[in-house]
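Here is a request to look at how side chains pack in a predicted model. The questions below take up ring pairs and nonpolar cores in turn.

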Amino acid sequence: MTIEQVNAQFKDPALTTFVAVAIPEFLSLYETERLVQELSKYDIDCRNVVVNQVLYPGPEDKGPLLAARVAMQNKYLSQFEDLYAADFHLVRMPMLPAEVRGVDALENFSQMLTDPARAEEGEIAHQSEVDALRKRVAELEATLADKA
């Protein structure tokens, strides 16, 4: 593949798009805006921004440190909204209690990415839905095995 072909592929939004991933803090907001501006200079598509590690404290979560952190995040989340909500697909992802590792965690995380209401509520995908899908797959596999 030549440099011209790679360049053409990067500029074709049907083939390539960048997804900016940030956290709700000043430096990340600043660097995300620099990235978006730089990509647009080269006609490279970047219309998706994921803001990761957003805190959604529950009523039992208290304390001055958490309150200060949430207030700080809300300030930057508002700025992300101002900059990107009109022209970009902006998704907020919650701070999770553990790293996203393994198939189950990735499934849950991907469901939150595609269903912003779940992410904004800080929900993990309903285990019953995952269990039902696994059961259905097992049934289909058994049917296929019987026919073989």
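**Aromatic pairs and cores**

Q: How many aromatic pairs does the count come to?
A: In this predicted model, rings pair if their centres lie within 6.5 Å. By this rule the count of aromatic pairs comes to 4.

Q: Which kind of pair do the rings of Phe10 and Phe18 make?
A: The ring centres of Phe10 and Phe18 are 6.2 Å apart, with an angle of 85° between their planes. Because planes over 60 degrees apart count as edge-to-face, the pair of Phe10 and Phe18 is edge-to-face.

Q: Is Phe10 buried, exposed or partly exposed?
A: Phe10 has a relative accessible area of 37%. Buried means under 20% and exposed over 50%, so Phe10 is partly exposed.

Q: What kind of aromatic pair do Phe80 and Tyr84 form?
A: Both residues belong to helix α3, where they are 4 residues apart, about one turn of the helix, and both Phe80 and Tyr84 are buried. Their rings lie 6.1 Å centre to centre with 35° between the planes, and the aromatic pair of Phe80 and Tyr84 is tilted.

Q: Which element gives the largest share of the largest nonpolar core?
A: This core has 16 residues, and Phe80 and Tyr84 are among those with the most contacts inside it. The elements that give two or more residues to the core are β1, α2, β2 and α3. The largest share, 4 residues, comes from α3.

Conventions. Residues numbered from 1 in each chain as written. Predicted model: local features only at pLDDT ≥ 70, side-chain atom pairs only at ≥ 80, totals over all residues. Heavy atoms only, no water. Core = buried A, V, L, I, M, F, W, Y, C linked by side-chain atoms within 4.5 Å. Buried < 20%, exposed > 50% of the residue type's maximum accessible area, 1.4 Å probe, protein only. Phe/Tyr/Trp six-rings, centres within 6.5 Å; stacked < 30°, edge-to-face > 60°.
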